[in-house]
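Notes follow in the order I took them.

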Amino acid sequence: MDADLSHDPKYLPDMVAAAAAGGDLVIGSRYLNGISVVNWPLRRIILSQFANRYIRAVTGLGLNDITTGYRCWRRAALAKIPLDAIVSEGYAFLLDVTFMAAHAGLRIVESPIIFVERRQGASKLSTGVLLESLLTPWKLVVRHGRIRPRAREASGYNSTGPSR
């Protein structure tokens, strides 16, 4: 979760409950119930929506919010991910570990959150980060293949956590 409190800790109990109910990776999703962001400019919403659609189209991941950093992992599930094989940095790291979780057959669920833009500090989004984010889905697909729809269903993709 972001340390600037743009990821509100009040969602942690729901995320932990979703993990306890069988989610290996629980994603705090800004896009499970429409667009749930506060104080973002329209261009940032468009960029985020495009990124998630692009990643879904290339990789086959069936998630609404692949790029969020608000996550809850079960320890045993995280241990199944070959962390030494991750080469991505920045935002692409989030896709890399999510893809590896899906490829390992882990159950990935989404739990709704409302994301509030930070009050202080600046985004680390740069041209280099954007370029890596465009290339990483293709690198993953070339290395491991697309996630097949049948695998998504078996892994619990696109499920929701407890409702608020």
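**Entry 1. Arg 30 and Asp 65.** I started with this pair, working on a predicted model. The side chains of Arg 30 and Asp 65 form a salt bridge, with N and O 2.6 Å apart. I then looked up where the two residues sit. Arg 30 is in the loop between β1 and β2 (37-38), and Asp 65 is in the loop between α2 (42-59) and β3, so the bridge ties together parts that are 35 residues apart in sequence.

**Entry 2. Glu 117 and Arg 44.** Next I looked at Glu 117, which makes a salt bridge with Arg 44; their closest N and O atoms are 3.0 Å apart. Glu 117 belongs to the loop between β5 (115-116) and α5 (127-144) while Arg 44 is in helix α2, so this pair ties together parts 73 residues apart in sequence. For Glu 117 I noted a relative accessible area of 17%. Buried means under 20%, so Glu 117 counts as buried.

**Entry 3. Arg 74 and Asp 24.** I found a salt bridge between the side chains of Arg 74 and Asp 24, at 3.8 Å from N to O. The cut-off for a salt bridge is 4 Å, so the pair still qualifies. It links distant parts of the chain: Arg 74 is in the loop between β3 (71-73) and α3 (75-78), Asp 24 is in the loop between α1 (12-20) and β1 (25-29), and the two are 50 residues apart. I compared the exposure of the two partners. Arg 74 is partly exposed, at 34% relative accessible area, whereas Asp 24 counts as buried at 17%. How many salt bridges did I count by this rule? The count comes to three.

**Entry 4. The chain as a whole.** I listed the elements and got six helices and six strands. From the N terminus on, they run α-β-β-α-β-α-α-β-β-α-α-β. The chain has 164 residues, of which 45% count as buried. I computed an accessible surface of about 8,800 Å², with 58% of it belonging to carbon and sulfur atoms. I also looked at contacts between residues at least 6 apart in sequence, and 81% of these join residues at least 24 apart.

**Entry 5. Helices α4 and α5.** Two packed helices are described by the angle between their axes and the distance between the axes. I looked up both values for this pair. The axes of α4 (residues 91-103) and α5 come within 8 Å and cross at roughly 20 degrees. Angles under 35 degrees count as roughly parallel, and α4 and α5 are therefore roughly parallel to each other. The crossing of α4 past α5 is right-handed. Which residues meet here? On the α4 side I noted, among them, Tyr 91, Leu 95, Phe 99 and Met 100. On the α5 side, the residues met include Val 129, Thr 136, Pro 137, Leu 140 and Val 141.

**Entry 6. Pro 9.** Last, I checked the segment before α1, where Pro 9 lies. Is Pro 9 buried or partly exposed? Pro 9 is partly exposed, with a relative accessible area of 37%. Leaving out residues up to four places away in sequence, Pro 9 touches Met 1 and Tyr 70. Pro 9 and Tyr 70 are 61 residues apart along the chain, and their C-alpha atoms are separated by 9.8 Å.

Note on methods: Residues are numbered from 1 along each chain as its sequence is written. This is a predicted model: local features need pLDDT of at least 70, side-chain atom pairs count only at pLDDT 80 or more; totals for chains, interfaces and linings use all residues. Side-chain values use heavy atoms; hydrogens and water are left out. Helices (H or I, at least four residues) and strands (E, at least two) are DSSP runs, numbered from the N terminus. Buried means under 20% relative accessible area, exposed over 50%, partly exposed in between (1.4 Å probe, protein chains only). Contact means heavy atoms within 4.5 Å. Accessible areas come from the Shrake-Rupley method with a 1.4 Å probe; for residues, only the protein chains shown count as cover. Axes are lines fitted to C-alpha atoms, for helices over the stretch in contact, and angles run from 0 to 180 degrees between N-to-C directions. Angles under 35 degrees count as roughly parallel, over 145 as roughly antiparallel, 65 to 115 as roughly perpendicular and the rest as oblique. A crossing is left-handed if the near helix is turned anticlockwise from the far one by less than a right angle, and right-handed if clockwise.
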